[in-house]
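Open the model in your viewer and keep the sequence panel beside it. This tour tells you what to select at each stop and what is there.

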Amino acid sequence: MMWKTSLIHRFNSGLPEIGSQATKCWPVSRPASIKQLARHWSNVPFLTVPPRRTPGKPFAHRSELKQAKRIVVKLGSAVVTRGDECGLALGRLASIVEQVSILQNQGREMMIVTSGAVAFGRQRLRHEILLSQSVRQALHSGQNQLKDMTVPVLEARACAAAGQSGLMALYEAMFTQYSICAAQILVTNLDFHDEQKRRNLSSTLHELLRMNIVPIINTNDAVVPPPEPNSDLQGVISIKDNDSLAARLAVEMRADMLIVLSDVEGLFDSPPGLDDAKLIDTFYPGDQQSITFGTKSRVGLGGMEAKVKAALWALQGGTSVVIASGTHPKVTGHVINDIVEGKKIGTFFSEVKPAGPTIEQQAEMARTDGRIMASLQPDQRADIIHRLADLLTDHRDEILKANEKDMEKAVTLGRLSQPLLKRLSLTTAKLNSLAIGLRQIAASTQDSVGRLIRRTRVAKGLDLEQITVPIGVLLVIFESRPDCLPQVSALAIASGNGLLLKGGKEATLSNHILHHLTQEALSMHGVKDAVHLVSTREEVEDLCRLNKLIDLIIPRGSSQLVRDIQKASTGIPVLGHSEGICHVYVDSDANIEKAIKIVRDSKCDYPAACNALETLLIHRDLLRTPFFDQIIDMLRVEQVKIHAGPKFASYLTFSPSEVKSLRTEYGDLECCIEVVDNVQDAIGHIHKYSSSHTDAIITENEETAEYFMQHVDSACVFWNASTRFSDGYRFGLGAEVGISTSRIHARGPVGLEGLLTTKWLLRGEGQTVSDFAEQGSMSYIHENIPVPQRT
C-alpha cells in the first residue's frame, strides 16, 4: 500500500514530497559519506533513505548532547526482562524510570519505547496454568502433589495480551513516585500507513508532551502481523521490532536524541564475545563495511544489525543516536543521564567524521611507538631530547608569537587569574631554562630503561635479574602551563613511555607548536607517534575511563583538577597530590634573618604553586617579641592576608579573621598563622592538617632539626630552606611530571625514576619446580650476585 504524497509534507514541515526528484537523489551539498551510505543500503529492503528534516540536524559531537530537549529512550527486551525471560527486572526498570523522571523534571520531553509485555504476560500465564493444573491434579488424585506437571509452550501474542496491562500499571506506579504521569500508546505498522491514524498518533504524542506526560509506546504484540519481507516503502522504515519503531517515532516527532538500551555496551567491530572485539566509540555512516555482526539477543526480535540500521535511519532523519548497555552493572544506575551529559557511554552515531585519529587510535599509536622507543639505544633517546632542546631555541620566535596570541585571548576573555596568566606566559628565559633542563634529562637516559637492579642465583644454572622498564602509556593532563609539554615529553622519551598530553584550551596555540616540534624531534628515529596531543572533544572523565589503553594518569594543575581526576579514574592509577598544604615551622632557636628570607620566599615567590607556604607555625616563646613582629611586618609589606589559627587568636585582643579551616590551600597571597608549644606539637599539627607535600623547619638547633626531619611524614621535609625547592628541576631531575604525595610507587617530585617500573628475567637450563621438591635432585641457593656499575 503506497502512502499519499502529502504525508511527508504534513509531518516533516517543508520536506519534498514522496516521489519528487529531491527524494530520489541527495543534494550536491550532502557529505560524501552520506551518499555512500545511501548507495550501500539501496539494495537492503529493511532500510531506505529517510527524508531530511529541514529544521533539525543531528549533533556532531557527544558534548552537544546536553542540548537535547526531546529524547526517545528505547528499552530492549533484554533490559527490562529477567534472565529467565519470565518477568521483569524490577531493579533495572526502577533505575531507568528514575533517570527518565530526573530528565523530565529538568524540562526535557521524554518518550519511552518499551518491550516487556510478552515476558510479563508469560510470567502471569505460567503462574495461572500451574495453579490450574495443581487444583485439577489434587481433585483427581486426592493428593496435593504436583507430579508430571508441564507448562505448554505459550504463544507470544497471548502473553502480550496478558502482560500489557500489568506492564503499564507498573510504569504508572513507578512514575507516580516522582509526581509524573505516564500514558500508554500501542501501535502497529499499519498505523503508520494510514494517513488519519498517523495524524492522530502525532497529535496525541504532541499533546501528551505539552502536558508534561511521558508517553510509553509499544507495538501491539497481541494483534501485530508478522513482518513482511521487502515491504519497506520509499523514504520510510517498516515497524518490524521496537528498534525500528523507536527510530520511526524519533524522526516523526523530531526528537533530538534516540537512546537505544540493549544488553551489550554498544557497537563492536566484531561480535562482543570475541577476544579482539573493540567497542566503537563513534560510528559514522559508511563505516558499516568494517562491522561483523554476531547473533541476536537472547530475547527480542532485533539484534545489533537491526539496531544499527534503525540508528542510521534515524540519524539521516535528523536524530542523534546512542546505543548503550542497559544491563551492565557498572553503568545501569546512571547510563541515561551520563549519555545526556555527553559522557563516553556506548556508541554515538555521528555524520561528522574527525580529520585526525580518535583518542583510542592515538593511545594505540603511542603504545606501539613507545615500545619501539624503549628498544632504542640510550644514546638514540638522548639524541631525540637534545634535538628537542635545540628546536626550542631555533624556533623561539615562533613559540613566543603563538604564546602571545594565547595570552591576548586569555586576557580578553578574562577567565584566568593573575597566577594562571603567569603560568600561561612563555618567555625567552623560560625557554632557555627548558632547554637546559631537557639536556639534563638527556644525560640521564644512560641509566634509565634496562638498568640492572639486582641479580640472584636461584640455583645452579638458574639466574634471575630485575631490570627497569617503562610503565607503558602515560596520560598527562595539565592546565595553563605550555612549558609542561616539552618537559613531560622529554621525561617520557628518556623512560621509553608512550605519552598522551591533554592541555588546557587557554594554551592551544602554544601547545600545538610545542607538540609539532616534539614530533619533529621524535621523527629522527622513526617514533613520531610516541607522543600525542589530545585535541579532540573528549572530556577528562572520558579519558579516565580508557583503562585498557592508558597505564598511568598524571594531573598537573589545580588541586581541584587533581581531585576531579582521582575521583573520575576508577581503573587507572593516578599519580599526584590533591592539595599542596605546606607548613613552615619557626622554632624558638631560629635565626631571624633566615626565617624572614625563607618565609617570604615560601609564600610570596609564587603563591599559586603547590609547594608554596600555606600555614606558618610559630613557637609560643616567639610571640610578643621583635622577632615575631618583623615576620608580621614582612608579610604585611608583601600584602599577604593573614588568617589566625584558634590558638593564635586566643593570644590576641584584636586579631585577624580566624581561619575557617586549618586544612586550606589558599594558592594566593594568603596564609594561616598558628602557635605551637614545641617541635612535637608542630609535628602533630602537620600530621593532622598537612597534605604530606612539603614541610620545613627553621632552627639553628641541629638536634631539633633532625628530630623534625625524621618524624615528619611528608614527601619532602626541609631544614632552613624554602618549601619552593620542592621541584624536579631544582632537585636536579631535569624536570618533573608532577609531585606525588602517594606512598605507593613514586613520591615527591617525580622525574625519570618515577616513570619506570621493573620486570624479572629468569635464565635457566631446563629446570622445573619438581626438581626442587622434597625428593628432587636440586636445591635453592638464592645467592646475591653483585650488580656491575654502569659507566
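Select strand β9, residues 452-459. Strand β9 pairs with β24 in the antiparallel sense, over three bridges. Two strands count as paired if DSSP finds at least two bridges between them. Strands are DSSP runs of E with at least two residues, helices are runs of H or I with at least four, and both are numbered from the N terminus. Now pick R455: I785 in β24 stands opposite.

This is a predicted model, in which local features need pLDDT of at least 70 and side-chain atom pairs count only at pLDDT 80 or more, while totals for chains, interfaces and linings use all residues. Residues are numbered from 1 along each chain as its sequence is written, and side-chain values use heavy atoms, with hydrogens and water left out.

**Helix α22**

Next, select residues 626-637, helix α22. Its twelve residues reach 16 Å from first C-alpha to last, close to the 16 Å expected at 1.5 Å a residue. The expected span is 1.5 Å times one less than the number of residues.

Which residues of α22 are buried? Colour F627, F628, I631, I632, M634 and L635. Buried means under 20% relative accessible area, exposed means over 50%, and partly exposed is in between (1.4 Å probe, protein chains only). Look down the axis of α22: the buried residues fall within an arc of 155 degrees, so they line one face of the helix. That arc is taken from the directions between the helix axis and the C-beta atoms. On the other side of α22, P626, R636 and V637 are exposed.

Show what the buried residues pack against: β15 (582-586), α21 (592-604), β16 (613-619), β17 (641-644), α23 (646-650) and β18 (670-676). Then step just past α22 to Q639, which takes a positive phi of about 60 degrees.

**T704**

Jump to helix α25, residues 702-711, and pick T704. Is T704 buried or exposed? T704 is buried, because its relative accessible area is 15%. Leaving aside neighbours within four places in sequence, T704 is in contact (heavy atoms within 4.5 Å) with D587, V679 and I697.

**Salt bridges**

A salt bridge here is a side-chain nitrogen of Lys or Arg within 4 Å of a carboxyl oxygen of Asp or Glu. By this rule the count comes to 37.

Select D713 and R747. Their closest N and O atoms are 3.4 Å apart. The pair links distant parts of the chain, 34 residues apart. D713 is in the loop between α25 and β20 (716-719), and R747 is in the loop between β21 (738-740) and β22 (748-750). D713 is partly exposed at 35% relative accessibility, and R747 is partly exposed at 32%.

Go to R457 and D463. Their side chains meet in a salt bridge at 2.9 Å, N to O. R457 counts as partly exposed at 30%, and D463 is partly exposed at 21%.

For the last stop, select D338, K343, E541, D542 and R545, which are linked in a network of salt bridges.
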